Amino acid sequence: MKRIILMLLLYCYTAGSFANVDHTPVDTLIADTAFAPANLDLRPFIYVLTADQQHLTPEQAAAMPFTRQENIFHNNPKNNGRVNNCWLRLTIKNQSNKSLSCHLFSGWHDYMYWYSQSPGDKPRQLMQTGLMLDDGGVERWAHYAFAVQVPAGGIRTFYLHVVNKSYNEGPLMPALFSTEAYSAFRDYQLNGFRKEAVVIQVLLGMLLVFFSISVINYIQLPDKSYIYFAVYILGLILFFALRLEDKPYQLSFFHRWPMLKYYWDIPGLLFCFYLMYLLFGNAFLNLTERYPFMERAFTWVAAIVGGLIILCLYFIRIGQYQMPTIIYSYVYFVTLVPLLAVFVALARRSRHHPLVRFFLYGSVCLYLACLGSFLMHVRPLGLLSALGELAAPTILLIGGVLLQAMFFLAGLSYRNKLVHLERTRTQELLIKQLNKNKELQRKLNEQLEELVKEQTTEILRKKQELEEQRKKQLETEYDKKLTEIELKAIRAQINPHFIFNCLNSIQLFVMQRDYEYAQKYLSDFSYLIRKTLDFSRRNFISLADEITYLNTYLGLEKMRFENRMEYEIVVDPVIATAELEIPAMLLQPYVENAVKHGMTNPQQPTGKLSIYFNQVASDMLECVIADNGIGIARSKSLRMLPKHHQSSGMEISQNRAELLNKMYNTEIHIEIIDRSSEDESSSGTIVKILIPQL
Amino acid sequence: MIKAIIIDDERNSRDIIALMLGKYCPEITIADMASDCADGIEKIKAHRPELVFLDLEMPDGTGFDVLAGTLPDIPFEAVFVTAFEKKFLHVIRFSDVELILKPIDKESLLQAVALITERINTGGSKDRYRVLLENFNNSKPVAWQLLIPAINGDQHTIKIPAIEYLEIKGDNCLFMLNSGELITAAQSFRYYADLFASLQFYQINNNQMIQLSNISRLDGPSGKVLLKSGTTLDISEKRQRDLLHKMTHPH
């Protein structure tokens, strides 16, 4: 707009000679043959009718008195402070011999109606256009150059009805152009506006990029501030896109709805620079947590601005175009200081929050841009008109908007980074916590394990104690049993049969008066009884003692059996018989059994009994008792006694061996072999007793 | 003259029996001697003696086997001679067969020979040997039979469960049977009391011994034992505990 103004000014200066030179009012413009106007100032030829609120038909207007009012014309945008509803009258007389064809141009206004009147005729409307009215394409801009055609020698009166409903009026300066001159003028205008349009289009492109970025970011990280920012950018896009509507001769997007640019002019600014700005700041700075007071203030102001926007829209709807501007001016000036206060408050905190810095820079950029833009307008336009141009997108303002958007976007990215960092930190914390938990768990496990170990040890100890107790108990039990068995053993091992038979034999020798024999028999017998009594009280005796005992016993048996038996005791010479110990009375039952069975073999007239003591290993004594009797198998089969009458000497010995094994945890092993089972030709029984040395 | 055979696996034993018989019992002639069962049976069959001195345990069998192998075809009286009687004491005593222990003492030998001589002369029953073998083959004392030589010379063979209780009667023993029958045995009460002590019998006082299975009730305060037959017998306080113990711990 500024450019337009500047250009107009330029034209004014270049064409000013007319205006300044000829100020005398002229009722009729006389066009002679050489008449070829180029930006001819028409002010001296124009009579004005100010209709104010009245709605006049062209006839009525033509009938009204037109006066000269130079003051309604102006070269710069101007705030009229009212609706400008005026009629301009221009009368042209063509004195040449060819028809006059020119163009009248008086700026761009809201509503424009062009009438032509032949003398004595009613005014006829030739054109109607206006920023609020014309919805044509780019060609609509040609409508603003009204055709002035006067036939040769004819007089025509032209009426231009201009209605500017918004108080802000563009330059109103009627000028006349010949067709060629207008074409040049138009080209010049087009070029000038093109530059502005390009700036806006570039801005739109950038804003679109920002918008895309914020939408994409929102999709990635659903954060409210992105939405506000996106809406803010969208609002700006719409605002600037609508600004293209004001650029003459330029392509525009929304020309079909010419009113749209009014609806989204002040409300759009309020929406973007206040409502969305506040909402964005609220969400972006997380004011709820950081500055609760500011957050409340922001919310309230945003709500008020929202209300104002609706109010503005309403005013536009009812045609009160000046109201939004007024409202905006008030809002602008009222918020100037509070905003500054907010900036200061934020600046003081910006050290702690980098986000605030972004917001602050962005805000201050726009703030200064707005202020600068306003101040720049004040000088050429005056305060009032400058107020009307507050919303005008100067290059400064555009720069400010861009800077703000970029700062905000950067802030959002930074915020993203912060969120990311926080997330990473949270994750790290979580991992740390997890690790800590793991560590704790491990420690707990260790403690538990230790506890379990301790308890296991305790249990094992108790178990051992119990086992020891049981062992002791068992031992006492064994002792008891052993005593019992030993008692039984005395009776069973030295067979009473043997004792009494011995006595019987002694009796016989006495009766036969064989006293020497009787004496020998008696002393052997006494020795045997004594030793038996002695051994039965002990668990272990030396091998030497055992051998002597067995020798005596076998000697007595031999005497009983009239030398029908022979015996031998063979001891491995490596054995230290006096030191080696064996369980007492363990062998005797087997020897007695061997004697008994050795005598029963009808094939063998003499029973042969052999006893061997061998050292089979360093700690193992082997005792072999072998006879040449009928063998244990046949002996058992021959046994005619009913089971309940059978003797139990060997059985007792076996039990005793088992008891000894249990008590001394040793492995006395007794094996009874029938010789016939190995060799059919031989007969007899072999008893092998393995006695481990303790 | 009484023809006799000696069966013993030990020569010394045979010799001393022969020696003593020759010295103290001239009325007995020794027809032969054997050293084991098989030989003994053969010689008994060959000589058909009236008296056999039998050893209990021999390499190829026992004295019972000899009896089983010859009786009842050859009727003879037997006297067991053994060094150690414990194992077969009940079997022998229950059937009232004579038993002499080694080393043999003169009195027992003379007493046994006198008793046998009388039996031979009176032609007494050989039933005791059947009872002997039957008892020998039976492991359960309850099924054993008891041959009681009565004071009047009769012989009574009863089953052990038939006895209700026994009682001292002078030098003899009186058997009260469950049937109500009374038998006065020739042997003393002490002889039977010793014999029954290890069985299910209990001597409730100095004079009486009861079979446990016949007890109906033990009346502590009054010191009485009530039998199933209704008979009431005295029992001393000390023996009541003993009896209770024996009844609750049968083995």
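Residues are numbered from 1 along each chain as its sequence is written, and chains are lettered from A, with ligands numbered from 1, in the order in which they are written. Because the model is predicted, local features need pLDDT of at least 70 and side-chain atom pairs count only at pLDDT 80 or more, while totals for chains, interfaces and linings use all residues.

Confidence comes before detail. The predictor's confidence in each residue is given as pLDDT, from 0 to 100. Chain A has a mean pLDDT of 83, with 91% of its residues at 70 or more. Residues 6-22 of chain A are a stretch where pLDDT stays under 50. For residues 6-22 of chain A the model has 14 contacts beyond four places in sequence, a contact being two residues whose C-beta atoms, placed from the backbone, lie within 7 Å. Where pLDDT is low, the predicted coordinates should not be read in detail.

Chain A contains 19 helices and 19 strands, and chain B contains eight helices and 17 strands. Of the 694 residues in chain A, 36% are buried; of the 251 residues in chain B, 39% are buried. A residue is called buried if 20 or more other C-beta atoms lie within 10 Å of its own, exposed if 12 or fewer, and partly exposed in between, with C-beta atoms placed from the backbone. In chain A, 75% of the contacts between residues at least 6 apart in sequence join residues at least 24 apart. In chain B, residues 24 or more positions apart account for 54% of the contacts with a separation of 6 or more.

Two helix pairs in chain A show how its helices pack. Helix α7 (residues 266-284) of chain A lies against helix α9 (residues 292-317) of chain A, with axes 9 Å apart and an angle of about 160 degrees. Axes are lines fitted to C-alpha atoms, for helices over the stretch in contact, and angles run from 0 to 180 degrees between N-to-C directions. Angles under 35 degrees count as roughly parallel, over 145 as roughly antiparallel, 65 to 115 as roughly perpendicular and the rest as oblique. α7(A) and α9(A) are therefore roughly antiparallel. Among the residues in this contact are L270(A), F271(A) and L275(A) of α7(A), and F298(A), V305(A) and I309(A) of α9(A). By class, the contact of α7(A) with α9(A) has 16 nonpolar, four polar and one charged residues. Here Ala, Val, Leu, Ile, Met, Phe, Trp, Tyr, Cys and Pro count as nonpolar, Asp, Glu, Lys and Arg as charged, and the others, Gly among them, as polar.

The second pair is helix α14 (residues 515-535) and helix α15 (residues 543-560) of chain A, whose axes come within 10 Å and cross at roughly 140 degrees. That angle makes α14(A) oblique to α15(A). The residues in the contact of α14(A) with α15(A) divide into eight nonpolar, two polar and two charged. Those from α14(A) include Y521(A), F525(A) and K531(A), and those from α15(A) include Y549(A), Y553(A) and M559(A).

Between the chains, the contact takes 20 residues from chain A and 20 residues from chain B. On the side of chain A, helix α13 (residues 496-511) gives the most, with ten residues. The side of chain A that touches chain B has ten nonpolar, eight polar and two charged residues.

Y332(A) sits in helix α10 (residues 322-349) of chain A. Y332(A) counts as buried because it has 20 C-beta neighbours inside 10 Å. The C-alpha atom of Y332(A) is 9.5 Å from that of C370(A), 38 residues apart along the chain.

Most residues other than glycine have a negative phi, and most peptide bonds are trans. N286(A), in the loop between α7 and α8 (287-290) of chain A, has a positive phi near 55 degrees. R48(B), in the loop between α2 (37-47) and β3 (51-55) of chain B, has a positive phi of about 45 degrees. N286(A) is partly exposed, with 15 other C-beta atoms within 10 Å, and R48(B) is partly exposed with 15 other C-beta atoms within 10 Å. Lastly, K102(B) and P103(B) are joined by a cis peptide bond with omega about -10 degrees. P103(B) lies in the loop between β7 (98-101) and α5 (106-122) of chain B.

Conventions. Helix = DSSP H or I, 4+ residues; strand = E, 2+ residues; numbered from the N terminus.
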